[in-house]
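Please look at the sequence and the structure first.

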Amino acid sequence: MDGDLSSSWYEKFIRGMNPPRVVIDNSCCPNATVIKVDSANKYGILLEVVQVLIDLNLIIKKAYISSDGGWFMDVFNVTDPEGKKIERQKQLDDIKDYIREGFSFVPSQSRSVDFAPSSLDHTSIELTGTDRPGLLSEVSAVLTDLKCNVVNAEVWTHNARTAAVMQVTDEGTGSAITDPQRLSKIKQLLCNVLKGNDRHRRAKTAVSMGITHKERRLHQLMFDDRDYEKSDEDHEAEHRRPKVTVVNWFDKDYSVVTVRCKDRPKLLFDTVCTLTDMQYVVFHGSVNAEGPEAFQVLSVIGTPKGKTLMKRYGTDCCMYVLNLITVKEYYIRHIDGSPANSEGERQRVVQCLEAAIERRVSEGVKLELSTGDRMGLLSDVTRIFREHGLIVTRAEVSTRDGKAVNTFYVRDAAGNTLDLKTLDDIRSEIGQTVLQVKGNSDDLKSPQESSTRFLLSGLFKSRSLYNLGLIRSYT
């Protein structure tokens, strides 16, 4: 015990004597801003830095990572969401400040089973359970009945599981809900909704303690809920999965993980989150996301004082690996100093990384809603989706200055391409200017009259929420 306290004190002392240094260079790369970060090393430091970058809405095009010995040195090539360099001096200064401040942030590891206010402004509710059509509609309806206004939320679904982090306020006061009896009632009713008719179904309702990062918590919640375990139906989509392999380099006690998949924002953050949850530590690495495919090479070292080494791989991804290694390597190691020794452990790493990548891959049509916020808005909108036979695969809900900006990814409950007429009917009910269709039109099929109509689908045909004055457009 004394040894652990002494070690912890020494690590804090070293970090205090060597504060993080952040250097931003706009001259050495023609198409990206280069951010260099170096500091005394500590567990989870890469996740903290990457988390700050994605929170600043920066796109990581390349990354070169090294945490050999007691020092951490990272280089990130980043752009804004439009692919442009960061030019404004104030924004560059903000990046430096946020990264330095981020080093004092410790990602929430709480697993509390009770409600508690996460701030004076709202109460943060965490949900995990089995996904089913209409679940988000049922959850938001219960919260509306309990006089809880959803001001921010993020909902993910993957492999028949769902997880949500929702920030709610009291309808009357507009602040956090603190009454223990009321919180207990909310928890019980939401658990009942998550379980549905199957009382043996796994479900959990909780509130994170302290600082909560929604996306970080969603990864933790789904990992804890074992969403990486594949069902029998998953074999149909095997060809669409990211390619992840794990091999051991026995001479140096490395486990080498290769990840190959289509590029998208936050890919590095998603994989680092899961590796951290699995207690693997990033040791060295190189990531290239500038082509049509992002490619990552990860190595796990089992010796505490391993050295940075080059290794050429005889895999089907050899060309990509060589291109990366000419710049930098990308390595990680297990926190206990051992590689993935068994085949079962290696397969678990593969499954967990596949799940981490797939959670944010949104299936279906992207819909954006922008209107004035009001009590029950989320309940009304998701109810209309449910009545038209749509399921929500992912949702982002935000409220700022009285305005609600919500994003939903929806698809047909039967897995078919979404009928354009159904979408037009939904937009008529909610308001054509309020609900906009974004993204790829390939997820839509030509207008045609469906042979099956839902019982409640005609209730609002002549009286939309927009026409009734319940929703107003913000343009």
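D270 and R264 are both buried, where buried means under 20% relative accessible area, exposed means over 50%, and partly exposed lies in between (1.4 Å probe, protein chains only). The two residues form a salt bridge, with their closest N and O atoms 2.8 Å apart. A salt bridge is a side-chain nitrogen of Lys or Arg within 4 Å of a carboxyl oxygen of Asp or Glu.

The model is predicted: local features need pLDDT of at least 70, side-chain atom pairs count only at pLDDT 80 or more, and totals for chains, interfaces and linings use all residues. Residues are numbered from 1 along each chain as its sequence is written, and side-chain values use heavy atoms, with hydrogens and water left out.

**Salt bridges**

Side chains of opposite charge can pair when their charged atoms come close. The structure holds 25 salt bridges, and the table lists three of them.

| Pair | N to O distance |
|---|---|
| E229 and R226 | 2.6 Å |
| D270 and R264 | 2.8 Å |
| E387 and R383 | 3.2 Å |

How exposed is E229? E229 is partly exposed, with a relative accessible area of 36%.

E387 and R383 both lie in helix α10 (residues 377-387), four residues apart, which separates them by about one helical turn. Helices (H or I, at least four residues) and strands (E, at least two) are DSSP runs, numbered from the N terminus. An α-helix has 3.6 residues a turn, so residues three or four places apart point the same way. E387 counts as buried at 6% relative accessibility, and R383 counts as buried at 18%. Elsewhere, salt bridges that share partners join E215, R264, K266, D270 and R360 into one network.

**Packing of helices α7 and α9**

Two packed helices are described by the angle between their axes and the distance between the axes. Helix α7 (residues 267-277) and helix α9 (residues 343-358) pack at an angle of about 140°, with their axes 9 Å apart. Here, axes are lines fitted to C-alpha atoms, for helices over the stretch in contact, and angles run from 0 to 180 degrees between N-to-C directions.

Which residues of α7 and α9 make the contact? From α7 these are L267, D270, T271, T274 and L275, and from α9 they are C352, L353, A356 and I357. Contact means heavy atoms within 4.5 Å. The residues of this contact divide into six nonpolar, two polar and one charged. In this count Ala, Val, Leu, Ile, Met, Phe, Trp, Tyr, Cys and Pro are nonpolar, Asp, Glu, Lys and Arg are charged, and the others, Gly among them, are polar.

**Helix α6 and its cover**

Helix α6 (residues 214-224) is largely enclosed by the rest of the structure, because nine of its eleven residues are buried. The buried residues are E215, R216, R217, L218, H219, Q220, L221, M222 and F223. What covers them includes α2 (45-55), β5 (123-130), β6 (148-158), β7 (161-170), α7 and α9.

D277 is found in helix α7 and counts as buried at 16% relative accessibility. Leaving aside residues up to four places away in sequence, D277 touches R216, H219, Q220 and F223.

**Positive phi in two loops**

Most residues other than glycine have a negative phi, and most peptide bonds are trans. N57 has a positive phi, near 65°. N57 sits in the loop between α2 and β3 (59-66) and is partly exposed, with a relative accessible area of 47%.

Phi of Q279 is positive too, near 65°. Q279 lies in the loop between α7 and β11 (280-288), and Q279 is partly exposed at 42% relative accessible area.

**The whole protein**

The protein has eleven helices and 19 strands. Of its 475 residues, 51% count as buried. Among contacts with a separation of 6 or more, residues 24 or more positions apart account for 76%. The protein exposes about 22,800 Å², and carbon and sulfur atoms supply 50% of that area. Accessible areas come from the Shrake-Rupley method with a 1.4 Å probe; for residues, only the protein chains shown count as cover.
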